[in-house]
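Open the model in your viewer and keep the selection panel at hand. Each stop below says what to pick and what is there.

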Amino acid sequence: ITTINNHISSLFVRKVDPRKDAHSHLLAKKEDNNLYKIQFHNVKPECLDAYNQLCEDVLPSIHADPEYPCELVGTWNTWYGEQDQAVHLWRYRGGYPALTEVMNKLRQNKVFMDYRNERGKMLLSRRNQLLLEFSFWNEPVPRSGPNIYELRSYQLRPGTMIEWGNYWARAIEIRQQNQEAVGGFFSQIGRLYTVHHLWAYKDLLSREDTRNAAWQRDGWDEVVYYTVPLIQHMESRIMIPMKTSPMQ
């Protein structure tokens with residue numbers, strides 16, 4: 001009887017092959033060792049113009065200072081999506097040590113501390129995430145404008161990140177025809193199993209035409225078919241660059 005019970009029990013034990021590495025190492029670019037931080041600031045509606053001016057006065061100086069191993073990839077206001085919102089994307093070359101160095105130096109920077117205190121009076125809420133970039137996406141670089149940007153954010157079911165990456169490693173080739181692919185990231189700290197895809201278009205009509213054209217290419221329908229079941233929640237923001245954003 002004991003032998004039979006052990007056999008029955010074994011039928012309900014799922015045998016999992018041991019993983020040799022975390023998905024962050026399997027999916028992220030290894031040669032660059034870049035860490036990204038994305039910030040979402042929900043601003044009091046009456047303060048949005050003052051908030052934007054404050055950011056334009058302070059953030060470019062941090063970006064340009066060689067003492068800080070960080071770069072402002074882009075900074076935007078959400079046009080469609082959450083209203084009165086700012087989105088900032090930073091790159092830290094050198095990973096977590098670079099992030100720590102920047103944070104420590106900024107605490108000694110009176111201009112930044114004054115900026116942060118003033119900014120706090122203008123915000124309703126804020127949140128951030130630390131991200132890695134997918135190995136198969138472009139590294140985001142400055143762009144001339146004018147462009148609109150779409151940030152598509154996906155909350156995946158836990159355990160599906162590798163599967164998502166496998167499909168999108170092929171799909172990204174389909175979406176490069178008009179150079180619309182800006183960057184692709186997945187979360188490390190903050191809300192986990194979150195993916196952000198950043199796209200650039202000339203305008204909303206160009207966005208519609210580009211997305212419709214993807215359906216005419218072999219393989220796109222398959223990617224959508226197999227990746228949609230991996231998603232728990234998805235959100236799209238259309239964003240307008242701030243005046244001093246490196247991405248215009």
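Colour the chain by secondary structure: there are eight helices and eight strands. Helices (H or I, at least four residues) and strands (E, at least two) are DSSP runs, numbered from the N terminus. This is a predicted model: local features need pLDDT of at least 70, side-chain atom pairs count only at pLDDT 80 or more, and totals for chains, interfaces and linings use all residues. Residues are numbered from 1 along each chain as its sequence is written, and side-chain values use heavy atoms, with hydrogens and water left out.

**Whole chain**

Show the surface. The chain exposes about 13,500 Å², and carbon and sulfur atoms supply 53% of it. Accessible areas come from the Shrake-Rupley method with a 1.4 Å probe; for residues, only the protein chains shown count as cover. Of the 248 residues, 46% are buried. Buried means under 20% relative accessible area, exposed over 50%, partly exposed in between (1.4 Å probe, protein chains only). Now the contacts (heavy atoms within 4.5 Å). Among those between residues at least 6 apart in sequence, 83% join residues at least 24 apart.

**The barrel**

Select the strands. They form a closed barrel of eight, in the order S1-S3-S2-S8-S5-S7-S6-S4, with antiparallel pairing. Neighbouring strands of this sheet are turned by 35° against each other on average, direction ignored. Two strands pair if DSSP finds at least two bridges between them. Strands of a sheet pair through backbone hydrogen bonds, either parallel or antiparallel.

**Strand S1**

Select residues 34–43. In S1, 10 of the 10 residues are buried. Asn 34, Tyr 36, Ile 38, Phe 40 and Asn 42 point one way. Leu 35, Lys 37, Gln 39, His 41 and Val 43 point the other way.

Arg 127 lies over the face of its ring, 4.3 Å from the centre. A charge sits over a ring if NZ of Lys or CZ of Arg is within 6 Å of the ring centre and within 35 degrees of the ring normal.

**S2 and Asn 52**

Move to S2 and S3, which pair in the antiparallel sense over seven bridges. Asn 77 stands opposite Ala 86 in S3. Which residues does Asn 52 touch, not counting those up to four places away in sequence? They are Asn 77 and Met 242. Asn 52 is in helix H3 (residues 48–64). It counts as buried because its relative accessibility is 11%.

**Rings**

Show Phe, Tyr and Trp. The structure holds 14 aromatic pairs. Rings (for Trp, the six-membered one) pair if their centres lie within 6.5 Å; planes under 30 degrees apart count as stacked, over 60 as edge-to-face and the rest as tilted. Pick Trp 76 and Tyr 149: their ring centres are 5.7 Å apart and their planes at 55°, so the pair is tilted. Trp 76 is in S2 (residues 70–80) and Tyr 149 in S5 (residues 148–156), 73 residues apart. Both are buried.

Next, select Trp 137, Tyr 154, Trp 164, Trp 168, Trp 199 and Trp 220, which form one aromatic cluster. Arg 175 lies over the face of Trp 199, at 4.1 Å from the ring centre.

Note on methods
Axes are lines fitted to C-alpha atoms, for helices over the stretch in contact, and angles run from 0 to 180 degrees between N-to-C directions.
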